[in-house]
Amino acid sequence: MLALPPPPPPPLSPQPQKETMSTPLQQIVISRQPMNQHTPAPYTANPETRKVTKQQTLLRQPRRTNPMVWCCAIICLIFSLLLIFFGIATLIIFLVIKPKTPLFDIPGVSLSSIYFDSPENFNGDFTFLANFSNPNRKIDVRFEYVYIELYFSDRLIGTQTLPPFTQRQRESRLETVHLISSLVSLPSKLGLELRRQVQINKVAYDIRGTFRVRANLGLIHFSYWLHGRCQLEMTGPPTGVLVTRSCRTKR
């Protein structure tokens with residue numbers, strides 16, 4: 001018997017196609033860049049270009065300084081040099097010449113009257129002789145301001161101002177100072193103390209002076225303040241005279 005041939009293979013069925021999704025027209029598709037993408041390196045200038053730019057900067061013309069700035073600088077320099085010069089000159093004067101302080105003294109007084117209009121109103125008439133002396137041998141002095149005050153137990157009872165005057169080297173000057181106290185109010189305690197001193201013929205006054213002095217040495221001069229103080233003890237009025245005194249002068 002003859003063998004039958006094998007049956008033919010079945011027909012191949014077509015593979016199912018994947019459905020494609022349609023994208024709406026209004027939707028914008030953004031593609032993501034790969035993560036391993038590197039940022040481009042910044043631009044670096046060529047060394048030769050940098051060198052040329054530097055040379056151009058150096059070759060630029062400098063800006064001219066304003067003449068007013070130069071004038072101010074010169075004036076400040078001259079002023080500084082003058083300050084240094086006068087400072088050195090003053091130091092030389094103090095080290096070489098050694099200026100001395102003028103002296104204030106009271107060699108004589110006259111207490112004419114002390115009376116009271118009321119228990120607290122005091123009146124008085126007092127005159128003293130002021131002696132101003134310049135002990136320097138090479139320096140002239142000028143008293144530009146002279147103000148005298150009269151006190152009784154730290155209570156001001158009279159004032160007087162003297163006109164300016166000049167003193168040469170080793171010169172003394174006597175000035176008469178007249179102080180009148182009129183209706184000066186005194187506390188009752190001080191009024192009783194002053195009456196007691198008049199009765200025992202022993203009155204204590206205090207003179208204080210404030211002076212503005214200028215010392216002259218050729219073209220160089222300098223000014224300073226002086227303070228003089230004298231404690232006086234006198235006999236009672238009407239012929240009160242000086243018994244003892246203690247005077248000192250300081251800057």
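**Figure 1. Val-96 in the predicted model.** Val-96 is exposed, with a relative accessible area of 63%. The model shown here and in the following views is predicted. Val-96 is found in helix α2, which comprises residues 67-97. The residue belongs to a nonpolar surface patch that also includes Leu-77, Leu-81, Ile-84, Ile-88, Leu-91, Ile-92 and Leu-95. Together, the members of this patch present about 820 Å² of accessible area.

**Figure 2. Salt bridge between Asp-140 and Arg-168.** The side chains of Asp-140 and Arg-168 form a salt bridge, with an N to O distance of 3.1 Å. Asp-140 is part of strand β3 (residues 140-152), whereas Arg-168 lies in the loop between β5 (165-167) and β6 (172-185); the pair therefore ties together parts that are 28 residues apart in sequence. Asp-140 has a relative accessible area of 15% and is buried, because residues under 20% are assigned to that class.

**Figure 3. Salt bridge between Glu-193 and Arg-196 in helix α3.** The side chains of Glu-193 and Arg-196 meet in a salt bridge at 2.7 Å, N to O. Both residues lie in helix α3 (residues 188-199), and because they are three residues apart, about one helical turn separates them. Glu-193 is partly exposed, its relative accessible area being 25%. Arg-196 is likewise partly exposed, with a relative accessibility of 40%.

**Figure 4. Salt bridge between Glu-233 and Lys-202.** In this pair, the closest N and O atoms of Glu-233 and Lys-202 are 3.8 Å apart.

Figure 5. In total, the structure holds nine salt bridges. Among them are the pairs Asp-140 with Arg-168, Glu-193 with Arg-196, and Glu-233 with Lys-202.

Technical notes: Residues numbered from 1 in each chain as written. Predicted model: local features only at pLDDT ≥ 70, side-chain atom pairs only at ≥ 80, totals over all residues. Heavy atoms only, no water. Salt bridge = Lys/Arg side-chain N within 4 Å of Asp/Glu carboxyl O. Helix = DSSP H or I, 4+ residues; strand = E, 2+ residues; numbered from the N terminus. Buried < 20%, exposed > 50% of the residue type's maximum accessible area, 1.4 Å probe, protein only. Patch = residues over 30% accessible without salt bridge, like charges linked within 9 Å, V, L, I, M, F, W, Y side chains within 5 Å. Areas by Shrake-Rupley, 256 points an atom, 1.4 Å probe, with all protein chains shown as cover.
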